[in-house]
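Dear colleague,

Please find the structure below, handed over for your use.

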Amino acid sequence: EKLVGKFDLGLLEWAEVKTIFSLGMDVFVAALFSVVMGHSLLLFSGHLLTLEQTAILAVNLKLVNMMTQILQRVPGSAEPLLMKMVSEGQLDQFRVWWKLVAKATILLSLFAAGMFVLWSEFVITAWTSKEEMVIHGAALVLLALIPFRYLSHYVFVNSLGIFKEIRKVKWFLLWEVVLYTGLAFWLGTRFGLIGLLSANLLSMLGGALLSGMNFFSFYSRIPFGHLLALFIRLTLPLSFTFFVLKSLTNGFIGEGVVYSTGMSLVWSLLFVVICFFIVLDQNEQNQLKVLAQKFRAKKGHRQ
C-alpha cells in the first residue's frame, strides 16, 4: 500500500532527534536508579551477612516485591491521564487528581506495611514450612516499609516525568545511589540486617526526595510547603498509630492467626478513621459523604 515511504535522512529534524535522545537518557537514568534500589539489597547482604541471613532476606523480599508491584499499579495507571491533563494545560484539574493519587498511593503502602508486619510470620511459615525463615522485630518493620520508600519516591520524584523534566534530578538520583551504597556498607557492617534496611530508608531522606519535591512544586505550581505538609500528614499519623498499637498489644496477646486477625481488624478500623479525619481535607470529606448518601439512596431505591 506504500503507506510507509522510503527513509530519508534529509527529513530528520536534528533538534528534535537530540531532544528525544536527551529525554531517553534521562528516563534511562531514572530506570537505572529504580533497578539499583530495587535489587541491590541482596547483593549487599551477600557481602555483609551470612548465607543463612541472605536466604531468609531473599524469601521475605519475594513477598515485599510482590506487594510493591501491586501497589505500583495505583500511580502507574493514573500516569496517562495526568500526562494528558498537563499536555492540555489543565493544571488545576491535574493538581486535584495528582493529590488524590498521591494520597491513595502512600496510604495504601502504609496500610500494606502494617498488614505485612501482622501476617508475615503466618504467611512465611505456611509457605516455607520453616519458622527460621521469619524475620522479627525492627528488621521486619523496616522490611515492610520498602514499598512505602519506593512509592514515596515514585509519587514525589518520578512525577517530574509527567512534565518531561526528570532530568532535573538525575544527578540527585546518582547521588542517592552513592549515599545508599555508603550507608549500606557503613551501617551493615555495624548492625547487620537492620543496618542494611535502615540504609535503604535513610538514603531517601538524603537523596532526591526533597529536591524532586522542589522541582515538582515549580512545574505543578503546588507550593513546596504544601507538598512537605502533605508528605508528613500522610506518613506520621498512621506510622505513630501502628507503633503504639503494636507496642500496647505485643506484651499480652499471643502470636498466631487469632492475634493477626484481631489486629488486622483494629488496624483497618484505625486506618479508616485516621484517613477520614486527619488525612482528608474538608472538601474531600464532604465529597465522600455525598458519595455515601448517593450510594445509600441508590441502594434504598433498588430495595
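In which helix is the place of Asn 200? Asn 200 belongs to helix H7. Please note that the model is a predicted one. Asn 200 counts as buried because its relative accessibility is 4%, the cut-off for buried being under 20%. Not counting residues up to four places away in sequence, Asn 200 touches Met 37, Ile 146, Arg 149 and Tyr 180.

Helix H7 (193–205) also takes part in the largest pocket, supplying at least two residues of its lining. The volume of the largest pocket is about 790 Å³. Its lining comprises 36 residues, of which Val 117, Val 141, Leu 145, Phe 242 and Phe 243 are the closest to the centre. H9 gives the most to this lining, with 12 residues. Sorted by class, the lining holds 24 nonpolar, nine polar and three charged residues.

Helix H4 has buried residues as well, namely Ala 139, Leu 140, Leu 142, Leu 143 and Ala 144. The elements that cover them include helix H2 (51–87), H3, helix H5 (146–156) and H7.

Within helix H2 lies Met 83, which counts as partly exposed because its relative accessibility is 32%. Leaving aside neighbours within four places in sequence, Met 83 is in contact with Gly 161 and Ile 162. The C-alpha atoms of Met 83 and Thr 50 are separated by 46 Å, the two residues being 33 apart along the chain.

Turning to aromatic rings, the whole structure contains 18 aromatic pairs. One of them, formed by Tyr 150 and Tyr 154, is tilted, with 6.3 Å centre to centre and 45 degrees between the planes. About one helical turn separates Tyr 150 from Tyr 154, because they are four residues apart in helix H5. Tyr 150 is partly exposed at 23% relative accessibility, whereas Tyr 154 is buried, with a relative accessible area of 11%.

A further pair, Phe 163 and Phe 216, is edge-to-face, at 6.0 Å centre to centre and 70 degrees between the planes. This pair links distant parts of the chain, 53 residues apart: Phe 163 sits in the loop between H5 and helix H6 (170–191), and Phe 216 in helix H8 (residues 209–220). Both Phe 163 and Phe 216 are buried. Ring pairs also join these two residues into a cluster with Phe 94, Trp 98, Phe 148, Phe 156, Phe 218, Tyr 219 and Phe 231.

With kind regards

Technical notes
Residues are numbered from 1 along each chain as its sequence is written. This is a predicted model: local features need pLDDT of at least 70, side-chain atom pairs count only at pLDDT 80 or more; totals for chains, interfaces and linings use all residues. Side-chain values use heavy atoms; hydrogens and water are left out. On a 1 Å grid over the protein atoms alone, a cavity is a set of points where a 1.4 Å probe fits but cannot get out, and a pocket is an open set with protein on both sides within 12 Å along at least five of seven lines; lining residues have an atom within 4 Å of a point. Grid points are joined across faces, edges and corners, and a volume is the space filled by probe spheres set on the points. Ala, Val, Leu, Ile, Met, Phe, Trp, Tyr, Cys and Pro count as nonpolar, Asp, Glu, Lys and Arg as charged, and the others, Gly among them, as polar. Buried means under 20% relative accessible area, exposed over 50%, partly exposed in between (1.4 Å probe, protein chains only). Contact means heavy atoms within 4.5 Å. Rings of Phe, Tyr and Trp (its six-membered ring) pair if their centres lie within 6.5 Å; planes under 30 degrees apart count as stacked, over 60 as edge-to-face and the rest as tilted.
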